[in-house]
Amino acid sequence: MKELDYIVSNPLGIHARPAALLAQCCVNFKSSVTVSCNGRVADGDNVLQLLALSAKKSDMLKIVAEGEDEEETINAIDKLLHGEFEEKKPVKVLRIAFFGTKDYDRTFFSELVKDKGEGTYNSDIKYFDSQLGPETASLAQGYDAVCAFVNDDISKPVVETLHDCGVCLILMRCAGFNNVDLKAAKDCGITVLRVPAYSPYAVAEHAMAILQEANRRLHKAHNKVKDNNFALSGLLGLDLHNKVAGIVGTGKIGVCMARICKGYGMTVLGWDAYPNQSLVDEGLLTYVDKEELFQRSDLISLHAPLFPTTKHIINKESIALMKDTAMLVNTARGPLIDNEALIDALKQGKFHAVALDVYEGEDNNVYTDRSDVAITDDITARLMMFPQVVLTSHQAFFTREALQAIAVVTMENARNFNEKNDYGNAEVKAD
């Protein structure tokens, strides 16, 4: 156990920004961290609990780290407290139009923008329930920035409307930006910033969760038991142990998935346009070409970015290479899979299990309650009719840790823009 005492010197106390930075620091370590102040205790990795401490200037924080990397954890916290907490003079308040608002968005973002002045995020947020698109872009009139998500339409007409409204910053509260016309943004002088990474573990864990749901027919089993049907017919699954996992895209999320598969006792193959030799050196996976991966893999998990070269990477030809009993999971981008090719293969009895958190054509359904209406979308309806297919609603990112990270990084991006700081790898530009 390692301990650190810190006397709060910030005139505003431990307000939203220092609490956010401290929480994100703690998330990066295995050790558990607790922070105590005036008889209250908070988990170090929980920004809302840290804010609830209400630590003011001259209060004493007692920080305790316990775990295998406790010394590194305390050292990182100590460096943060005496480095990143240094404040700058306040600049103008940044006005942000926040589109596609859900209650879980407000939970974190509203807390982070409560404070104004020196050292804060110095931003005002106006929440809109509607998604950003051609019909709603004019709502951004008078705002400096818009905050958008993966299912928003930020095409050229929308970008041009935003420019006419005075918007000079697009904040993507996600990693993906394929729905943004980057050339139009460049032409209009609008900066586009994203969240490069939030929780790769959240996405990879969800990929394995829905894959196992499809493999072991847990969705069917749950419904059968609710109807007092305890028979096992129709629920036969496959062992993952000693099978071959093919990871398409070996970035942070793909690596997390590879480690999960390795933990199941699987042999892991990988494909990436830019192979990472260190993964081979540590014995995690073996790189092969796409064709060999499709031919040999029992489980194929998609984690590649969406580029012209990866669109429909799963198509009629690649599916033909796969085993009839192959399992396929996609938590990356819907257009990586050609829906028509997939559905044709399913009709022919191909695939033991298919698990999709994303699919091409999902946009009208994502984050929308349609429980009282018929599903009229042809692709969704056809996919749902296959017993070995599991669909979830673009929720792989949806954990407390990921939502916290998204809010913190998004507001750090806003602050960097407002103070003319370096954007790091958050900025995306047209080629």
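Colleague: What volume does the largest pocket have?
Modeller: The largest pocket has a volume of about 1300 Å³, the volume being the space filled by probe spheres set on grid points that are joined across faces, edges and corners. A pocket here is an open set of points on a 1 Å grid over the protein atoms alone, where a 1.4 Å probe fits and protein lies on both sides within 12 Å along at least five of seven lines. Please keep in mind that this is a predicted model, in which local features need pLDDT of at least 70 and side-chain atom pairs count only at pLDDT 80 or more, while totals for chains, interfaces and linings use all residues. Residues are numbered from 1 along each chain as its sequence is written, and side-chain values use heavy atoms, with hydrogens and water left out.

Colleague: How many residues line the largest pocket, and which lie nearest its centre?
Modeller: Its lining holds 48 residues (those with an atom within 4 Å of a point), and Ala175, Arg194, Ala304, Pro305 and Leu306 lie nearest the centre of the largest pocket. The elements that give two or more residues to this lining are α7 (200-215) and α9 (252-263), and α9 gives the most, with 3 residues. Helices (H or I, at least four residues) and strands (E, at least two) are DSSP runs, numbered from the N terminus.

Colleague: Is Cys26 buried or exposed?
Modeller: Cys26 counts as buried, at 4% relative accessibility, whereas Cys168, at 26%, counts as partly exposed. Buried means under 20% relative accessible area, exposed over 50%, and partly exposed in between, with a 1.4 Å probe and protein chains only.

Colleague: Last one: what covers strand β8, and which faces?
Modeller: I can tell you that both faces of β8 (residues 169-172) are covered, with Leu169 and Leu171 buried on one side and Ile170 and Met172 buried on the other. Strand β7 (residues 145-148) runs parallel to β8 and is joined to it by 4 bridges, where two strands pair if DSSP finds at least two bridges between them.
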